[in-house]
Amino acid sequence: MASNGNGGFSFDSKRRSGLPKIQTQKTDDDNVVCHDDSATPMKAQTLDELHSLQKKKSAPTTPIKSPHVFGVAVSEEERQKQQLQSISASLASLTRETGPKVVKGDPARQAETPKVAQSHATHHYHAPTLNISDSALKFTHILYNLSPAELYEQAIKYEKGSFITSSGALATLSGAKTGRSPRDKRVVRDETTEKDLWWGKGSPNIEMDEQTFLINRERAVDYLCSLEKVYVNDQFLNWDPNNRIKVRIVSARAYHSLFMHNMCIRPTAEELEEFGTPDFTIYNAGQFPCNRYTHYMTSSTSIDVNLARKEMVILGTQYAGEMKKGLFSLMHYLMPKRQILSLHSGCNMGKGGDVALFFGLSGTGKTTLSTDHNRYLIGDDEHCWSDHGVSNIEGGCYAKCIDLSREKEPDIWNAIKFGTVLENVVFEEHTREVDYADKSVTENTRAAYPIEYIPNAKIPCVGPHPKNVILLACDAFGVLPPVSKLNLAQTMYHFISGYTALVAGTEDGIKEPTATFSACFGAAFIMLHPTKYAAMLAEKMKKHGATGWLVNTGWSGGSYGSGRRIKLAYTRKIIDAIHSGALLNANYKKTEVFGLEIPTELEGVPSEILDPMNTWPDKKAHKDTLLKLGGLFRKNFEVFTNYKIGTDNNLAEEILAAGPNF
């Protein structure tokens with residue numbers, strides 16, 4: 001190679017390969033080679049710097065507009081300082097004057113930490129003043145309102161048992177507890193809750209005192225503050241903007257943070273800007289047990305609610321559903337105080353604006369029947385009924401996954417994708433395909449996903465006043481009609497009863513059905529006496545002209561073992577006739593014992609099954625079974641009969657009269 005005298009170099013290739021000579025030269029009027037597609041040299045000098053360029057600097061919760069306090073603009077630095085002060089206050093131990101020193105960001109990103117830590121240390125607003133300990137010398141890293149993608153990374157990197165499945169969902173394990181622990185749930189009994197809450201026989205509210213709550217709170221907060229990092233979610237409950245509740249969830253697991261990201265209502269950047277102090281805070285220290293020597297504790301698990309302090313503490317269980325249902329219990333307390341009825345129900349709306357509420361215990365078909373491609377889904381589980389109409393409490397759905405199939409539940413199947421949390425499922429090791437029939441971990445496998453993953457979800461999740469209130473029962477005794485029209489007193493009676501009957505066992509051979517009663521179709525979550533919710537339901541139904549219905553999705557022609565389960569196609573026809581209003585115009589007759597109004601004919605449903613007595617070959621056996629079920633209803637209702645509603649007992653007597661009469 002030699003200079004060609006023009007500033008370039010010539011290459012005599014003939015001598016080497018026999019190819020023509022090629023010249024590359026730079027002309028005076030052209031400083032670049034015309035076919036050069038090279039980019040500007042990389043700014044990074046190291047691989048770490050190169051990796052740092054891969055991710056854009058962003059904060060999904062950073063406000064778009066500058067916040068104002070009393071009309072004065074607040075700087076971004078000041079706003080972040082206030083936010084961190086609020087989180088620090090939430091994490092404050094009651095034995096120290098200040099909360100921990102908190103900084104935002106993953107501690108694994110060491111390059112960012114000193115800068116942030118120094119920035120906050122400059123303000124001196126977290127400097128410990130008393131009882132200095134080693135924990136006061138460390139920073140607690142706050143991973144604040146992370147996105148699903150960030151939470152995936154955290155879970156897979158740091159939490160054993162977290163995997164991405166073939167559909168893109170995140171599979172997680174909830175540990176030893178794979179369901180709720182209702183016997184370990186406690187509520188602080190003080191001067192206010194003593195009068196307001198339902199206590200005693202039949203109540204889900206097991207009492208604890210303030211002192212014991214504070215001991216457990218201290219244990220949870222100390223555990224969380226001892227960690228290198230904690231996850232903080234600031235979110236909302238209730239799609240009704242006039243009655244929205246601000247909640248803060250502090251947890252130790254990315255799984256819990258993603259679960260609540262899906263299940264609560266996700267704030268926009270502007271809404272988060274004005275979030276301020278939360279109305280209620282959950283401290284989820286579920287990986288750490290409670291002290292069994294503490295008063296009121298009966299196991300190493302404790303889920304404690306303090307309504308006066310607006311706090312909930314979780315110890316000894318990592319099952320995420322405790323957070324969801326703890327917040328539901330809170331709404332069952334707060335909303336009725338505002339004359340808003342809180343309901344454990346599904347809710348959908350027709351294209352004409354007609355809203356239906358679906359109540360039903362497990363196995364009654366509530367999810368199947370409330371999911372309708374011809375109607376909009378407002379929500380699958382928790383709702384409020386105010387003077388404005390209905391609103392979903394949650395921002396997501398929590399679906400059972402056992403035996404899930406694309407054919408039976410296509411909407412749920414398709415919702416299990418990136419962003420969805422799959423709890424305790426079993427999957428194939430290589431393909432990561434989930435086996436929904438596998439119960440190796442638990443039968444209570446679940447999927448938690450944002451409600452917008454359902455294609456016909458109505459966003460925002462609100463609707464007008466309900467037109468129909470549908471109470472579902474899977475009656476394995478086979479004596480309840482497929483459909484009955486209820487008057488207000490009957491609606492209250494069956495709402496308070498919350499009945500279903502399933503088969504007692506799974507062993508071979510015929511088993512006796514077992515009656516299950518759950519007040520207001522959600523006894524584990526209600527805070528007030530069931531008659532209060534029932535009275536509110538009747539008042540709203542009367543005011544807005546809603547009709548009550550009792551629909552049996554169970555057996556016909558005999559009890560389990562001799563009769564057959566009512567075909568789903570017939571139940572769907574019944575539900576369609578309720579929605580359309582056609583069932584209101586049917587001819588009705590009254591049944592024995594329960595005094596239910598049943599239609600004599602309905603298009604698409606065989607007339608003979610509308611009256612259960614017609615389908616039983618043994619009429620005496622039918623009558624005996626009917627009386628047996630009536631007796632079970634009466635026995636269950638005894639716990640409610642002595643409760644006064646209002647200044648007299650007339651309403652309670654009216655409800656009682658609407659029950660079985662024999």
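This is a predicted model: local features need pLDDT of at least 70, side-chain atom pairs count only at pLDDT 80 or more; totals for chains, interfaces and linings use all residues.
Helices α8 and α10 are oblique to each other.

Two packed helices are described by the angle between their axes and the distance between the axes. Here, α8 covers residues 254–263 and α10 covers residues 321–337. Their axes come within 9 Å and cross at roughly 40 degrees. The crossing of α8 past α10 is right-handed.

Which residues make the contact? From α8 come His 256, Phe 259, Met 260 and Met 263. They meet Gly 321, Met 323, Lys 324 and Leu 327 in α10. Five of these contact residues are nonpolar, two are polar and one is charged.

Now turn to strand β19, residues 355–359. Is β19 largely enclosed or open? Five of its five residues are buried, so the rest of the structure largely encloses β19. The burial holds on both faces. Val 355, Leu 357 and Phe 359 lie on one side, with Ala 356 and Phe 358 on the other.

Next come the partners of β19. Strand β18, residues 346–349, runs antiparallel to β19 and is joined to it by four bridges. Asn 348 has Ala 356 of β19 as its bridge partner. The two strands form a hairpin, with five residues between them. In the turn, Gly 353 has a positive phi of about 95 degrees.

Strand β29, residues 466–473, pairs with β19 in the parallel sense. Five bridges connect β19 and β29. Val 469 in β29 stands opposite Leu 357, one of the buried residues of β19.

How values were computed: Residues are numbered from 1 along each chain as its sequence is written. Side-chain values use heavy atoms; hydrogens and water are left out. Buried means under 20% relative accessible area, exposed over 50%, partly exposed in between (1.4 Å probe, protein chains only). Two strands pair if DSSP finds at least two bridges between them. Axes are lines fitted to C-alpha atoms, for helices over the stretch in contact, and angles run from 0 to 180 degrees between N-to-C directions. Angles under 35 degrees count as roughly parallel, over 145 as roughly antiparallel, 65 to 115 as roughly perpendicular and the rest as oblique. A crossing is left-handed if the near helix is turned anticlockwise from the far one by less than a right angle, and right-handed if clockwise. Contact means heavy atoms within 4.5 Å. Ala, Val, Leu, Ile, Met, Phe, Trp, Tyr, Cys and Pro count as nonpolar, Asp, Glu, Lys and Arg as charged, and the others, Gly among them, as polar.
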